[in-house]
Amino acid sequence: MAITAAVGEIDAKTGKSLKDKVLCRVFSEDYERTRNKILDPRGQSIHQWSKIFLAACLVSLFIDPLFFYLPIANDDMCINIGLSLETTLTIIRSVVDVFYVIHIFVRFHTAYVAPSSRVFGRGELVIEPSKIAVRYLHKTFWIDVIAALPLPQILIWLIIPNLGGSMVTDTRTVLPFVILFQYLPRLYLIFPLTSQIVEATGVVTETAWAGAAYNLLLYMLASHVSGAIYYLLSVQREIDCWKSVCKVENCQNGYFDCHSVQDPARVAWLNSSNVTNICNPNNNFYQWGIYVTALQAGATSSAFPNKYFYSLWWGLQQLSSVGQNLNTSSYVGEIIFTIITSTQGLVLLSLLIGNMQRYLQATTMRLEEWRVKRNDTEQWMHHRQLPPELRDSIRKYDQYKWLATKGVDEEAILHGLPMDLRREIKRHLCFDLVRKVPLFDQMDETMLDAICERLKPALCTKGLFLVRESDPVNQMLFIIRGHLDSYTTDGGRTGFFNSCRIGPGDFCGEELLTWALDPRPSVTLPSSTRSVKAITEVEAFALIADDLKFVASQFRRLHSKQLRHKFRFYSHQWRTWAACFIQAAWRRHKKLKETAHLTVHEPGVPQRGSFWSSYAESLVASTRLSIKCKQKSGTDSGTVSSLEKPDEPDFFLHER
């Protein structure tokens with residue numbers, strides 16, 4: 001209560017409570033987004049808005065140069081303004097400007113990381129509105145304001161009509177400078193915005209192809225701007241030619257405004273003047289320079305789609321060729337524009353090639369690494385003179401591993417993640433598959449989660465051995481996909497062979513589980529009693545010896561005798577022993593039955609009893625003989641009954 005009262009006290013000097021002082025700086029994970037409507041700069045909403053605003057910035061950078069296409073050079077030697085294009089651009093530009101206004105509002109309500117808290121970790125967030133506003137006003141507020149102003153709309157619809165001069169002339173001369181003045185701040189905003197997205201998510205786009213397309217879009221945007229300026233300068237060069245003729249023949253510059261096209265004085269001058277022949281781009285009277293191609297193609301007097309795509313192609317062509325095919329005149333402005341275009345093309349082309357190569361290589365990097373590794377493997381196999389069958393096996397394994405993992409080292413990725421996240425991923429990958437293993441279906445989710453953490457993927461191609469008979473067993477494998485052939489010769493005994501098929505849900509290496517369940521386990525790993533060979537491509541999960549000890553301890557917690565019977569049923573070692581035991585018992589039964597039958601029906605032998613009495617006596621004698629044989633050191637290796645019984649796994653050690 002005392003602490004609560006102290007927090008609620010009012011500071012006499014500042015008028016703020018101690019609680020407000022404490023909450024001026026917080027960590028992101030402790031921050032309540034609803035408090036004071038301050039946004040977390042690391043939150044998902046800011047990330048989404050940054051991408052939306054980046055798209056709006058690109059649209060605005062595309063829209064602004066389209067204003068350069070408003071002047072149109074008509075065939076009757078006058079300049080007009082495209083009213084329909086002007087209206088359309090005004091509407092679109094006004095919609096885009098709304099995003100800049102919203103961005104200013106968002107910046108006033110976005111917290112920032114205190115520089116003094118960046119010593120360790122992510123730092124603390126400053127959420128006090130006054131500090132956020134002061135910092136923003138001293139940073140990029142005025143750039144955002146300049147970028148958000150609707151200057152072209154105001155200039156076209158309010159200022160130019162009230163200037164009193166020629167509307168065409170003012171639009172052609174004043175409007176481009178205003179647009180370029182505002183274009184630079186809008187272009188500047190893309191760079192910190194892109195850096196903010198990269199800092200938050202690591203990349204601008206999620207996929208490599210999208211990143212390549214983004215860099216290509218920036219290159220096309222530069223071509224778009226260069227083409228728009230080229231079109232405007234082409235119109236200006238044509239007007240300069242008209243004015244040069246007008247200066248010689250003492251006419252008025254107002255004659256070139258299409259609003260005065262019906263002026264009788266203009267019509268008379270145009271009929272008597274030689275301006276049409278002089279300003280024809282097909283003759284060499286006037287120095288057209290780099291604009292001669294646009295004038296010859298009639299781009300300045302064409303419809304908007306024609307002149308736009310022609311100018312876009314010109315800009316793309318010059319940026320790609322670094323302006324090598326440009327033949328300039330002696331005009332200084334034209335030369336400066338050519339120098340800027342060539343330099344811009346050199347820089348942007350280098351950046352485009354570098355970025356495109358980086359993004360496109362990201363899509364094929366794993367494939368290229370695999371190809372290099374495969375070439376190294378081929379050279380190594382050739383150098384070591386491996387036989388063809390071994391080479392084919394190595395090639396098949398590399399191919400199958402690539403198809404299964406795409407060259408990604410899954411263990412390295414999981415190793416760098418936190419334990420809890422690693423557990424969730426392992427559960428997603430392995431839980432349903434482990435549940436299908438009959439030996440694990442009685443376990444609860446907690447036990448299965450613990451087992452999934454310790455499973456490791458194992459791949460095997462057709463014809464390879466997962467384990468060989470008499471080799472030490474260092475892991476237990478649980479088959480997920482594929483089929484295997486499991487066989488044994490009982491240690492190489494002559495005449496003995498047992499084979500069976502293993503499929504999904506089965507396991508091999510059960511000798512290791514018996515070893516792990518032994519109350520006094522030996523340091524030496526047990527030997528395999530069977531050879532397991534892949535018939536098809538096999539995917540499995542492996543449990544190494546140390547991890548299997550943990551699984552064995554989980555088995556002892558189940559308190560179920562059914563687990564013992566299930567282990568015997570699915571263990572191929574126990575199945576082989578059971579089949580041999582039944583087979584030997586049946587053979588012994590047949591032999592004793594035949595012996596008793598011959599004894600009863602043998603001539604001259606006294607009949608001491610019935611057939612079943614004789615059979616019982618023979619069975620007792622055979623049993624005694626078998627016990628004596630087992631007590632001897634040597635066993636009869638030629639009989640099936642000499643197969644040793646597998647060790648019994650001790651699932652109930654904790655109960656004794």
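1. pLDDT is the predictor's confidence in each residue, on a scale from 0 to 100. This is a predicted model, and pLDDT stays under 50 over residues 1-22. For that stretch the model has 15 contacts beyond four places in sequence. Residues 629-641 also have pLDDT below 50, with ten contacts in the model beyond near neighbours in sequence.

2. For the chain, the mean pLDDT is 76, and 75% of the residues reach 70 or more. Among its elements, helix α1 (residues 2-7) has the lowest mean pLDDT, 35, while α4 has the highest, 92.

3. The largest nonpolar core has 37 residues. Those touching the most other members are F67, Y69, L70, L89, L175 and W242. Two or more residues each come from β3 (79-81), α4 (83-108), α7 (151-159), α8 (167-201), α9 (208-249) and α13 (304-321). The element that gives the most is α9, with nine residues.

4. Another core, of 30 residues, lies apart from the largest one. Its members include F431, I451, A545 and W577.

5. Helix α17 (residues 419-435) packs against helix α18 (residues 445-454) with axes 8 Å apart and an angle of about 105°. Angles of 65 to 115 degrees count as roughly perpendicular, and α17 and α18 are therefore roughly perpendicular to each other.

6. What does each helix bring to the contact of α17 with α18? From α17 come M419, R423, K426, R427, C430, F431, V434 and R435; from α18 come E445, L448, D449, C452 and E453. By type, these residues divide into six nonpolar, seven charged and no polar.

Methods:
Residues numbered from 1 in each chain as written. Predicted model: local features only at pLDDT ≥ 70, side-chain atom pairs only at ≥ 80, totals over all residues. Heavy atoms only, no water. Core = buried A, V, L, I, M, F, W, Y, C linked by side-chain atoms within 4.5 Å. Buried < 20%, exposed > 50% of the residue type's maximum accessible area, 1.4 Å probe, protein only. Helix = DSSP H or I, 4+ residues; strand = E, 2+ residues; numbered from the N terminus. Axes fitted to C-alpha atoms, helices over the stretch in contact; angles between N-to-C directions. Parallel < 35°, antiparallel > 145°, perpendicular 65-115°, else oblique. Contact = heavy atoms within 4.5 Å. Nonpolar A, V, L, I, M, F, W, Y, C, P; charged D, E, K, R; others polar.
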